[in-house]
Amino acid sequence: MVLKAEKKENLVKLRAYKKVVDQNKKINKINLVVLAAGLLLTVLGMEKVGNYIIWVGIFVLFVTSISSILASGSLRRPR
């Protein structure tokens, strides 16, 4: 019985991890477009707006990376 409960708990953790990773992949695809738009605006001469958009994109990339790291850490078993 203990093995079944432990296996079920591991499956729940794996589902939560996959949900976070899938959500982060979608966010990163959108973020790539945001970064491209910021770079395009910077190249076209709107440096101030382009720089703000690029920094927002970098911040979102940082947050999604931290989220993925935390999600993978929750998958590991405590030692």
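Me: Is I66 buried, exposed or partly exposed in this model, and what is its relative accessible area?
Reply: In this predicted model, I66 has a relative accessible area of 37%, and it is therefore partly exposed.

Me: Which helix does I66 lie in?
Reply: I66 belongs to helix 2, which covers residues 47–75.

Me: Which residues form a nonpolar patch on the surface with I66?
Reply: The patch is formed by I66 together with F59, F62, V63, I69 and L70. Their accessible area together is about 630 Å².

Me: New topic. How many salt bridges does the structure hold?
Reply: The structure holds one salt bridge. It joins the side chains of K13 and E9, at 3.6 Å from N to O.

Me: Where do K13 and E9 lie, and how many residues apart?
Reply: Both K13 and E9 are in helix 1, residues 2–43. They are four residues apart, about one turn of the helix.

Me: And are K13 and E9 buried, exposed or partly exposed?
Reply: K13 is partly exposed, at 27% relative accessible area. E9 also counts as partly exposed, with a relative accessibility of 44%.

Me: What about N24, buried or exposed?
Reply: N24, which is found in helix 1, has 6% relative accessibility; the limit for buried is under 20%, so N24 counts as buried.

Me: Which residues is N24 in contact with, leaving aside neighbours within four places in sequence?
Reply: With those neighbours set aside, N24 is in contact with T64, S67 and S68.

Methods
Residues numbered from 1 in each chain as written. Predicted model: local features only at pLDDT ≥ 70, side-chain atom pairs only at ≥ 80, totals over all residues. Heavy atoms only, no water. Salt bridge = Lys/Arg side-chain N within 4 Å of Asp/Glu carboxyl O. Helix = DSSP H or I, 4+ residues; strand = E, 2+ residues; numbered from the N terminus. Buried < 20%, exposed > 50% of the residue type's maximum accessible area, 1.4 Å probe, protein only. Contact = heavy atoms within 4.5 Å. Patch = residues over 30% accessible without salt bridge, like charges linked within 9 Å, V, L, I, M, F, W, Y side chains within 5 Å. Areas by Shrake-Rupley, 256 points an atom, 1.4 Å probe, with all protein chains shown as cover.
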